[in-house]
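Hi,

Here is the structure I promised to send over. Have a look first, and my notes follow below.

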Amino acid sequence: MLNLVKDKNIKIAIIGASNNSTKYGYKIYKNLLLKGYDVTPINPKGVLIDGVETLPSIVKMSNKPDIIDFVVPPSIALSEAKSLEANGFDNFWFQPGSESQELIEFLNTKNINYLVGECIMVETN
């Protein structure tokens with residue numbers, strides 16, 4: 001997946017995008033936009049981030065994302081990963097702090113691509 005993220009033509013969805021500039025859901029969203037990536041912010045509350053409305057879920061996206069980046073607490077990451085995997089989504093990137101032992105155990109039982117514990121802001125240029 002690290003090779004995939006080097007291509008700026010990919011579509012990235014950020015689960016946990018935030019309009020609070022002190023949170024990583026905001027920092028990651030803005031960082032990837034500034035680097036030229038096609039980024040869709042996902043937040044069930046439907047917040048505005050600098051004038052861009054978040055989508056309530058990935059299933060509302062018009063095109064399937066190439067990478068789904070999780071910037072949420074571990075319990076939400078696990079429930080979202082289970083739901084998304086059941087709906088045919090793949091290429092999950094879990095930001096540091098979103099992982100748990102239960103999540104890793106779940107991921108290891110599935111045939112999906114995932115990355116845990118690496119920061120997408122560090123791995124992109």
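Which residues have the most contacts inside the largest nonpolar core? They are V5, I12, I14, I28, L32, Y37 and I120, in a core of 20 residues. (A nonpolar core here is a set of buried Ala, Val, Leu, Ile, Met, Phe, Trp, Tyr and Cys residues joined through side-chain atoms within 4.5 Å; buried means under 20% relative accessible area, with a 1.4 Å probe and protein chains only.) Strand 1 (11–15), helix 1 (24–34) and helix 4 (120–123) each give two or more residues to this core, and helix 1 has the largest share, with four. There is also a second, separate core of 19 residues, which includes I68, L78, F92 and F106.

Before you read on: this is a predicted model, where local features need pLDDT of at least 70 and side-chain atom pairs count only at pLDDT 80 or more, while totals for chains, interfaces and linings use all residues. Residues are numbered from 1 along each chain as its sequence is written, and side-chain values use heavy atoms, with hydrogens and water left out.

I14 is worth a click: leaving aside neighbours within four places in sequence, I14 is in contact (heavy atoms within 4.5 Å) with I28, Y29, L32, V39, T40, P41, I42, D69 and V71.

As for the whole chain, there are four helices and seven strands (DSSP runs numbered from the N terminus: helices are H or I, at least four residues, and strands E, at least two). Their order is β-α-β-β-β-β-α-β-α-β-α. Buried residues make up 43% of the 125.

Cheers

Terms used. Buried means under 20% relative accessible area, exposed over 50%, partly exposed in between (1.4 Å probe, protein chains only).
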